[in-house]
Amino acid sequence: MGQGDTARGEGQGEPILSVKELRALLAGAFPGRTGEAGVVEALGRHSARMILDPTPAMARPGNIVSGPTLMTLADHVAYAVILAHTGPMLMAVTHTLTMSFLRACRFERIVADASILKMGRRLVTVDVRIWQGSEAGIVAQATVGYTLPAG
């Protein structure tokens, strides 16, 4: 970590919440939306993985998954990886999201992998790779910035 960075509950980069705890926290923060923006599958050192099985409401013409759906997934997995490593800091908010759509996202299971690139006292930057079939099948990549609450 660079000067001014803090571990902020991060330990040695390992999550401080379990998958079960994180799922419950997200379900409480977004009641009635469980699964709409993905389900946490795994947590690791500075990382999180979510799975999304698209619904008909997520389709766009051409029977592919819509861009807004993928952006929601990217934002949700970034939020999840931050909460997993900081604890229940529900007032963390997105301040930037830059997304590159690399190929059409087929209407099948989608995997989103998030990695914390930098965690400072107030700002966190997360890399998100969204893929299908294999990790080589990247359909989109996002860089997501979050602002953490003071204190």
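This is a predicted model: local features need pLDDT of at least 70, side-chain atom pairs count only at pLDDT 80 or more; totals for chains, interfaces and linings use all residues.

Student: Where does Leu43 sit, then?
Tutor: Leu43 belongs to strand β1.

Student: Which residues does Leu43 contact, leaving aside its neighbours within four places in sequence?
Tutor: Leu43 is in contact with Pro15, Leu17, Ser18, Val19, Leu22, Ala48 and Ala84.

Student: And how far apart in space are Leu43 and Lys118?
Tutor: Their C-alpha atoms are 17 Å apart, and in sequence Leu43 and Lys118 are separated by 75 residues.

Student: Let us turn to the helices. At what angle do the axes of α1 and α2 cross?
Tutor: The axes of α1, residues 19–29, and α2, residues 67–86, cross at roughly 125° and come within 10 Å of each other. The two helices are therefore oblique to each other.

Student: Is that crossing of α1 and α2 left-handed or right-handed?
Tutor: The crossing is right-handed.

Student: Which residues meet where α1 and α2 touch?
Tutor: From α1, the residues are Leu22, Leu25 and Leu26. They meet His76, Tyr79, Ala80, Leu83 and Ala84 of α2. This contact has seven nonpolar residues, one polar residue and no charged residue.

Student: How many residues of α2 are buried?
Tutor: In α2, 15 of the 20 residues are buried, so this helix is largely enclosed by the rest of the structure.

Student: What distance does α2 reach from its first C-alpha to its last?
Tutor: Helix α2 reaches 29 Å, close to the 28 Å expected at 1.5 Å a residue.

Student: What follows α2?
Tutor: Gly87 follows α2, and the phi of Gly87 is positive, near 95°.

Student: Where are His46 and Asn63?
Tutor: His46 is in the loop between β1 (39–44) and β2 (47–52). Asn63 is in the loop between β3 (59–60) and β4 (64–65).

Student: How accessible is His46, and how accessible is Asn63?
Tutor: His46 has a relative accessible area of 22% and is partly exposed. Asn63 counts as exposed, with 54% relative accessibility, because the exposed class begins over 50%.

Student: Now a glycine. Where is Gly38, and is Gly38 buried or exposed?
Tutor: Gly38 lies in the loop between α1 and β1. With a relative accessible area of 7%, Gly38 is buried.

Student: What does Gly38 touch, not counting residues up to four places away in sequence?
Tutor: Gly38 touches Met50, Ile51, Leu52, Leu73 and His76. The C-alpha atoms of Gly38 and Ile51 are 5.2 Å apart, and the two residues are 13 residues apart in sequence.

Student: One more topic, strand β6. Which residues does β6 cover?
Tutor: Strand β6 covers residues 110–119 and includes Ile110. Met119 is also found in β6.

Student: Are Ile110 and Met119 buried or exposed?
Tutor: Ile110 is buried, with a relative accessible area of 0%. Met119 counts as buried at 4% relative accessibility.

Student: What does Ile110 touch, again not counting residues up to four places away in sequence?
Tutor: The contacts of Ile110 include Met50, Ile51 and Leu52. Among the others are Val65, Leu70, Leu73, Cys105, Ile130 and Trp131.

Student: And what C-alpha distances are there for Ile110 to Gly133 and for Met119 to Ile82?
Tutor: The C-alpha atoms of Ile110 and Gly133 are separated by 8.2 Å, and these residues are 23 residues apart along the chain. For Met119 and Ile82, which are 37 residues apart along the chain, the separation is 8.8 Å.

Key:
Residues are numbered from 1 along each chain as its sequence is written. Side-chain values use heavy atoms; hydrogens and water are left out. Axes are lines fitted to C-alpha atoms, for helices over the stretch in contact, and angles run from 0 to 180 degrees between N-to-C directions. Helices (H or I, at least four residues) and strands (E, at least two) are DSSP runs, numbered from the N terminus. Angles under 35 degrees count as roughly parallel, over 145 as roughly antiparallel, 65 to 115 as roughly perpendicular and the rest as oblique. A crossing is left-handed if the near helix is turned anticlockwise from the far one by less than a right angle, and right-handed if clockwise. Contact means heavy atoms within 4.5 Å. Ala, Val, Leu, Ile, Met, Phe, Trp, Tyr, Cys and Pro count as nonpolar, Asp, Glu, Lys and Arg as charged, and the others, Gly among them, as polar. The expected span of a helix is 1.5 Å times one less than its number of residues. Buried means under 20% relative accessible area, exposed over 50%, partly exposed in between (1.4 Å probe, protein chains only).
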